[in-house]
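Have a look at the model first, then follow the points below.

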Amino acid sequence: MSDKEEFGLIEGLRYTVTTDKDPKSKGEFKGYVMIGSESAIVLQMSENVIRMIPVTRVVHVDYSGSGERRKSEEKKPESGYYG
């Protein structure tokens with residue numbers, strides 16, 4: 001691992017998020033959203049279900065090892081909003 005390697009959630013990859021309230025949420029990371037004044041992680045759980053998890057509830061995040069990584073030339077989020 002190089003010193004310049006960045007860490008963070010990557011859009012399009014699948015993660016399992018464990019929170020202090022729910023056991024586990026598995027889905028494709030779509031971005032971040034603001035809920036009031038609080039940031040949240042957005043996961044697409046299934047075709048019809050999108051879950052927004054407040055970051056203050058997150059205990060840990062595991063990379064599930066599947067999904068397609070976003071190409072670096074595609075747009076990158078410049079703000080904390082999903083959509």
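Y15 and F29 are both buried (under 20% relative accessible area, with exposed being over 50% and partly exposed in between; 1.4 Å probe, protein chains only). This is a predicted model, where local features need pLDDT of at least 70, side-chain atom pairs count only at pLDDT 80 or more, and totals for chains, interfaces and linings use all residues. Residues are numbered from 1 along each chain as its sequence is written, and side-chain values use heavy atoms, leaving out hydrogens and water.

**Aromatic residues**
- There are three aromatic pairs, counted when ring centres of Phe, Tyr or Trp (its six-membered ring) lie within 6.5 Å.
- Y15 and F29 form an edge-to-face pair, 6.3 Å centre to centre with 90° between the planes; edge-to-face means planes over 60 degrees apart, stacked under 30 and tilted the rest.
- Y15 sits in strand β1 (residues 13–19) and F29 in strand β2 (residues 25–35), so their pairing ties together parts 14 residues apart in sequence; strands are DSSP runs of E, at least two residues, numbered from the N terminus.
- One aromatic cluster takes in Y15, F29, Y32 and Y63.

**Nonpolar core**
- The largest nonpolar core has seven residues: L13, Y15, V17, F29, I41, L43 and I53. Such a core joins buried Ala, Val, Leu, Ile, Met, Phe, Trp, Tyr and Cys residues through side-chain atoms within 4.5 Å.
- β1 and β3 (38–46) are the elements giving two or more residues to this core, and β1 gives the most, with three.

Notes: Helix = DSSP H or I, 4+ residues; strand = E, 2+ residues; numbered from the N terminus.
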